[in-house]
Amino acid sequence: VQKLNLSYANGICQTEIDMLARKISLFRNGRSQAVRIPKEFEFPGKDVLMRKEGKCLIIEEDEPSDLIEWLKTLKPIDEKIGPIEDLPIDDVNI
């Protein structure tokens, strides 16, 4: 959850989200109500999570469920890895 910066105009508190809000139209797609997401609000990938909180409909990026897709989201590691010591193998009695 991101913290919001608050601003006040004429004594009314307005969040950054309110300042970024844009009025859009709803339409029907078969038996479902639908909305087109404007370019500036686009999500990466194909899937999102949606939930309702009071009068708010929350749409957020879905975590990748597949290991390869999740690995693609990671940033490269810039650390240098030193030489790895080749240790002798211990005998194990089974």
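Arg 36 lies over the face of Phe 27, at 4.4 Å from the ring centre. A charge sits over a ring if NZ of Lys or CZ of Arg is within 6 Å of the ring centre and within 35 degrees of the ring normal. This is a predicted model: local features need pLDDT of at least 70, side-chain atom pairs count only at pLDDT 80 or more, and totals for chains, interfaces and linings use all residues. Residues are numbered from 1 along each chain as its sequence is written, and side-chain values use heavy atoms, without hydrogens and water.

**Fold**
- The chain has two helices and six strands (DSSP runs numbered from the N terminus: helices are H or I, at least four residues; strands are E, at least two).
- From the N terminus, the order is β-β-α-β-β-β-β-α.

- Strand β4 (residues 32-35) runs antiparallel to β3, and four bridges join them (strands pair if DSSP finds at least two bridges between them).
- Asn 29 has Ser 32 in β4 as its bridge partner.
- Two residues separate the strands of this hairpin, and Gly 30 in the turn has a positive phi of about 65°.

**Exposure**
- Of the 94 residues, 3% count as buried (under 20% relative accessible area; exposed is over 50%, partly exposed in between; 1.4 Å probe, protein chains only).
- Leu 26 belongs to strand β3 (residues 26-29).
- Leu 26 counts as exposed because its relative accessibility is 54%.
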